[in-house]
Amino acid sequence: EIMGVIQQHHAKLYYAGTKANWPLADYELGEIQESLDNAMKFYPKFKQVPVPLTELIPTTMKASLAQVRAAIEQKNEKSFVQAFGALSVSCSNCHQAASHPFVKIQAPTAAMFSNQQFAP
């Protein structure tokens with residue numbers, strides 16, 4: 001369930017960043033980090049995942065989350081799109097390492113959350 005929530009914030013992060021709504025992008029990135037922290041807190045050892053989530057998540061996610069944070073702070077749309085792509089790859093790599101290679105993450109390709117305005 002936590003990963004489903006992260007997926008929603010991941011999509012909203014994309015929409016906010018590609019519309020240059022930097023406060024919303026910052027908020028959504030914070031929600032992703034908070035959810036990852038919750039996953040580590042509540043599921044430090046998850047099912048048959050060979051590495052504890054407390055090690056796996058920071059190892060696979062820290063650098064790409066920092067890249068997105070830097071792009072948001074710089075308010076740089078081009079850097080944001082590149083960093084978001086790296087974040088999506090990191091998510092998929094984490095799933096691969098967690099024995100869930102069938103969960104592959106990408107940027108949204110169709111409109112979602114039509115009930116929220118993403119432009120600033």
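This is a predicted model: local features need pLDDT of at least 70, side-chain atom pairs count only at pLDDT 80 or more; totals for chains, interfaces and linings use all residues.
**Entry 1: helix 1 and helix 2**

I began with helix 1 (residues 2-18) and helix 2 (22-42). Their axes lie 8 Å apart, and the packing angle is about 160°. Angles over 145 degrees count as roughly antiparallel, so I put helix 1 and helix 2 down as roughly antiparallel to each other. I noted the crossing of these two helices as left-handed.

I then listed the contact residues. Helix 1 brings I2, M3, V5, I6, H9, H10, K12, L13, A16 and G17 to helix 2. From helix 2, the residues that meet them are W22, L24, A25, E28, L29, E31, I32, S35, L36, N38 and A39. Sorted by class, this contact has 13 nonpolar, 5 polar and 3 charged residues.

**Entry 2: helix 1 and helix 4**

Next I looked up helix 1 against helix 4 (residues 77-97). I found an angle of about 165° between them, with the axes 10 Å apart. Helix 1 and helix 4 are therefore roughly antiparallel to each other. I recorded a left-handed crossing for helix 1 and helix 4.

On the helix 1 side, the contact is made by M3, H10, L13, Y14, G17 and T18. On the helix 4 side I wrote down E77, F80, V81, F84, L87, S88 and H95. The classes come to 7 nonpolar, 5 polar and 1 charged for this contact.

**Entry 3: helix 2 and helix 3**

I turned to helix 2 and helix 3 (53-74). The axes of helix 2 and helix 3 come within 11 Å and cross at roughly 175°.

From helix 2 I noted W22, A25, D26, L29, G30, I32, Q33, L36, A39 and M40 in contact with helix 3. Their partners in helix 3 are L53, T54, I57, P58, M61, L65, V68, R69, A71 and I72. By class I have 15 nonpolar, 3 polar and 2 charged residues for the contact of helix 2 with helix 3.

**Entry 4: the largest pocket**

Last, I looked up the largest pocket, which holds about 520 Å³ of space. Its lining is made of 21 residues. Which residues lie nearest the centre of the largest pocket? I have I2, M3, A39, F46 and H95.

I also checked where the lining of the largest pocket comes from. Helix 1, helix 2, helix 3 and helix 4 each supply at least two residues. Helix 1 gives the most, with 5 residues. The lining of the largest pocket divides into 16 nonpolar, 4 polar and 1 charged residues.

I compared the names across entries.

How values were computed:
Residues are numbered from 1 along each chain as its sequence is written. Side-chain values use heavy atoms; hydrogens and water are left out. Axes are lines fitted to C-alpha atoms, for helices over the stretch in contact, and angles run from 0 to 180 degrees between N-to-C directions. Helices (H or I, at least four residues) and strands (E, at least two) are DSSP runs, numbered from the N terminus. Angles under 35 degrees count as roughly parallel, over 145 as roughly antiparallel, 65 to 115 as roughly perpendicular and the rest as oblique. A crossing is left-handed if the near helix is turned anticlockwise from the far one by less than a right angle, and right-handed if clockwise. Contact means heavy atoms within 4.5 Å. Ala, Val, Leu, Ile, Met, Phe, Trp, Tyr, Cys and Pro count as nonpolar, Asp, Glu, Lys and Arg as charged, and the others, Gly among them, as polar. On a 1 Å grid over the protein atoms alone, a cavity is a set of points where a 1.4 Å probe fits but cannot get out, and a pocket is an open set with protein on both sides within 12 Å along at least five of seven lines; lining residues have an atom within 4 Å of a point. Grid points are joined across faces, edges and corners, and a volume is the space filled by probe spheres set on the points.
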